[in-house]
Amino acid sequence: MDIPYIVIDQLTPGQQQVWKTYFGDADRPRYIEEGIWRRTQEKATAEQSGWTAADDARRRIIHYRYRYGLVPTTAAPAIGLTDLYLYHSATAPADEIDAHHDALWDSLATGGWKEAPGGFLWTRRDLKCRITEHDAHPQDTAAGRTLPVGYRSLDVQIASVSYAPPPAVRQLPWNVLSTGIRCKDRPGTPTRVPDLSVLADLLPFQVEIGCGTSVEAGIPPLHRLHEIYRVTDRQGHEPREHRFTLSPTADTLLHEVLTVPEEKTAEFVEMFRACFLAEPTPAMWALKELKDAGHLVGPVITNNFDVLAARAGLDECFMRRYDQTVPDVEWVDGAKALLVVGLHADRRKVQARARARGMQVVYLDPEGFWHDGQFMPYPLEGPQDGDLVCRATAAEALPALVNLLKQHAG
């Protein structure tokens, strides 16, 4: 595979300006796309991981980090993937690791990779693949973690030839692992409201947005990344409980990367491509009107990396970070409510902090979506006793709130 890998060819002048303003010269490195998943087999995750006894301790860690940049062409510049880094660590009983090892060698041969002297590094055009096996993973030893007898680990690092991940990047997924697993919230008994008119008595308010606003802009939901990286056995859109991918023998991700890297990379970059090509939605412009009117205060607290709020002229407080367990939030004295838009599970600590400040938490989410002509329920996790929930889309409810507050203003 050739690096740079072209993601969007021949940018229009408008797209070049979007890159310069919101990606290339932004206040944070939005030209970097990064994700981490750690899935462990233990009692607390038995439903998803298949844990039944102490000998079940399989683990899978995925870390990707991609850098994008402008690439000159004979006509207009393109956006290209200029650095690729994918780390995969599997820990399992020795027989499963042996089978995983053999499958990797078969995939390397099928994909046409060339072995370098030493037997642990392979190359394929502008990509390199490094494989390391451990009887006891050094990260476990350093952290004092003990695995069942007979467990082994196998690490695979696939990167563009010119990229050497610094120690801080290599360490990051293990730092995330040490923070523990995410346990589902127990929802309380919130009050259902038909619309957002309750906010008329809770001005000014702050807002936190999740992927619901992004989906309305045509960006795939985050579970698409779970499909691409085989985080679970999920296929399709049905929001049911899906089992973790933990057994190396059932894990197809590396086989896909090693045998057809060009095709798999097209999947890897599709989220970034969709985010770049998306445009602010009516819901985003409604938030901008609310901000200009003084009803919405503070930055948009966001878990999204699509920059849509910024492109609508709003300041962002970005929460999806790996360098802070609990990222800072710019709270505004006098704000009476936190409106949470299209956010299901992640970063619930923001809502907890809002409640601790005495703010009313209001959720805006249809709690489901349409798929193949059928409405698929997708209940919220976060609402607690005393919270309010409006089951509507952002595209419907936020412009309606703007109109309502205009009428109140006379």
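**Note on cavities, aromatic pairs and a buried strand**

1. The largest share of the lining of the second largest cavity, 3 residues, is supplied by helix 9. Helices here are DSSP runs of H or I with at least four residues, strands are runs of E with at least two, and both are numbered from the N terminus. A cavity is a set of points on a 1 Å grid over the protein atoms alone where a 1.4 Å probe fits but cannot get out, and lining residues have an atom within 4 Å of a point.

2. The model is predicted: local features need pLDDT of at least 70, side-chain atom pairs count only at pLDDT 80 or more, and totals for chains, interfaces and linings use all residues. Residues are numbered from 1 along each chain as its sequence is written, and side-chain values use heavy atoms, with hydrogens and water left out.

3. The second largest cavity holds about 40 Å³ of space, a volume being the space filled by probe spheres set on grid points that are joined across faces, edges and corners. Its lining consists of Met1, Leu84, Leu86, Leu127, Ile158, Val257, Pro261, Thr265 and Phe268. Strand 4 (78–93) and helix 9 (261–268) are the elements that give two or more residues to this lining. By class there are 8 nonpolar residues, 1 polar and no charged ones. In this scheme Ala, Val, Leu, Ile, Met, Phe, Trp, Tyr, Cys and Pro count as nonpolar, Asp, Glu, Lys and Arg as charged, and the others, Gly among them, as polar.

4. The count of cavities of 30 Å³ or more is 2. In the largest cavity there is about 90 Å³ of space. Its lining divides into 7 nonpolar, 3 polar and 2 charged residues. Among the lining residues are Cys211, Ser214, Met271, Cys275, Asp306 and Arg320. Helix 6 (211–216) and helix 10 (270–277) each supply at least two residues of this lining.

5. The structure holds 13 aromatic pairs, in which ring centres of Phe, Tyr or Trp (its six-membered ring) lie within 6.5 Å; planes under 30 degrees apart count as stacked, over 60 as edge-to-face and the rest as tilted. Trp19 and Phe23 are stacked, at 5.9 Å centre to centre with 5 degrees between the planes. Both lie in helix 1 (residues 13–24), 4 residues apart, about one turn of the helix.

6. Phe23 and Phe276 form a tilted pair, 5.2 Å centre to centre and 55 degrees between the planes. This pair links distant parts of the chain, with Phe23 in helix 1 and Phe276 in helix 10, 253 residues apart. Trp19, Phe23, Tyr68, Phe272 and Phe276 form one aromatic cluster.

7. Why is strand 10 (residues 205–209) described as largely enclosed by the rest of the structure? The reason is that 5 of its 5 residues are buried. Phe205, Val207 and Ile209 cover one side, Gln206 and Glu208 the other, and all are buried.

8. Strand 10 pairs with strand 13 (residues 337–341) in the parallel sense over 5 bridges; pairing requires that DSSP finds at least two bridges between the strands. Strand 10 also runs parallel to strand 11 (residues 300–302), joined by 2 bridges. Ile209 stands opposite Val341 in strand 13, and its bridge partner in strand 11 is Thr302.

Technical notes
On a 1 Å grid over the protein atoms alone, a cavity is a set of points where a 1.4 Å probe fits but cannot get out, and a pocket is an open set with protein on both sides within 12 Å along at least five of seven lines; lining residues have an atom within 4 Å of a point. Buried means under 20% relative accessible area, exposed over 50%, partly exposed in between (1.4 Å probe, protein chains only).
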